[in-house]
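Work through the exercises below with the sequence and the model side by side. Try each task before reading its solution.

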Amino acid sequence: SGITGCTGTFDPNALYDAETDRYILGIDGNGSYYCLAVSQTNDPTGNWHRYSFFTALGGDFHDYPHAGVGRDAIYMGANQFFSGGPFHEGRVWAFDKTAAYAGGAVSAFTFSTGSSGGTPQPLHLHGFQQGTWPTSGPHRFVTDPYDGSTLALWEWPNALGGGSPS
């Protein structure tokens, strides 16, 4: 409560960032905002930093968000529908997790996966305690080209520095 655009919520995600020992909650805010909360410490019953990001770009309806933790960012992918109409595009976002964990202003970067790149699913990293957490490289996500038999694998190098997925 008390965060711009975070009413009429649906499609929640709950994540854990093993590298930083933080908890993350993401939820769709009425098809117009993505609401993000990160625990201030490793105690999920304690205080949280809360954010909202406008996602109804061009008047689109934002739907079915999925999040994943990367090395540098919290990634989110969602479908965008024309206002009152059909599917428009898939879209991915990268949110600066270092700034979010510190409670500061969070930069958000976004990229369209086009009309054949629906339901973007960001990778959610695991394995920090086992030493398998990547120390470099792009973040990955998959999209569904809606052909019933394939998925497209994307890489997003330097998401916070202006890189584009391919």
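**Strand pairing and a disulfide**

Leu25 has Ala37 of strand 3 opposite it; strands here are DSSP runs of E with at least two residues, numbered from the N terminus. The model is predicted, with local features requiring pLDDT of at least 70 and side-chain atom pairs pLDDT 80 or more, while totals for chains, interfaces and linings use all residues. Residues are numbered from 1 along each chain as its sequence is written, and side-chain values use heavy atoms, without hydrogens and water.

**Exercise 1.** Find the bridge partner of Ala14 in strand 2, and describe how strand 1 and strand 2 are joined.

Solution.
- Step 1: Ala14 has Leu25 as its bridge partner.
- Step 2: Strand 1 and strand 2 (residues 22-29) run antiparallel and are joined by seven bridges; two strands count as paired if DSSP finds at least two bridges between them.
- Step 3: The two strands make a hairpin with four residues between them, and Asp21 in the turn has a positive phi of about 60 degrees.

**Exercise 2.** Describe the pairing of strand 2 with strand 3, and then that of strand 3 with strand 4.

Solution.
- Step 1: Six bridges pair strand 2 with strand 3 in the antiparallel sense.
- Step 2: Three residues lie between these strands in their hairpin, where Asn30 takes a positive phi near 60 degrees.
- Step 3: Strand 3 and strand 4 are also antiparallel, over seven bridges.
- Step 4: Within strand 4, Tyr51 stands opposite Leu36.

**Exercise 3.** In what order do the four strands form the sheet? Why is one side of strand 1 and of strand 4 left without a neighbour in the sheet?

Solution.
- Step 1: The order is 1-2-3-4 in an open sheet with antiparallel pairing.
- Step 2: Strand 1 and strand 4 (48-54) are at the edges and each has a single partner strand, so one side of each lacks a neighbour in the sheet.
- Step 3: From one strand to the next the twist averages 15 degrees.

**Exercise 4.** Which cysteines form a disulfide, and are they buried or exposed?

Solution.
- Step 1: Searching the whole structure gives one disulfide, defined as a pair of cysteine sulfur atoms within 2.5 Å.
- Step 2: The disulfide is formed by Cys6 and Cys35, with their sulfur atoms 2.1 Å apart.
- Step 3: Distant parts of the chain are linked: Cys6 is in the segment before strand 1 (9-17) and Cys35 is in strand 3 (residues 33-39), 29 residues apart.
- Step 4: The link is left-handed, with -115 degrees about the S-S bond.
- Step 5: Cys6 and Cys35 are both buried, meaning under 20% relative accessible area, whereas exposed means over 50% and partly exposed lies in between (1.4 Å probe, protein chains only).

Key:
Axes fitted to C-alpha atoms, helices over the stretch in contact; angles between N-to-C directions.
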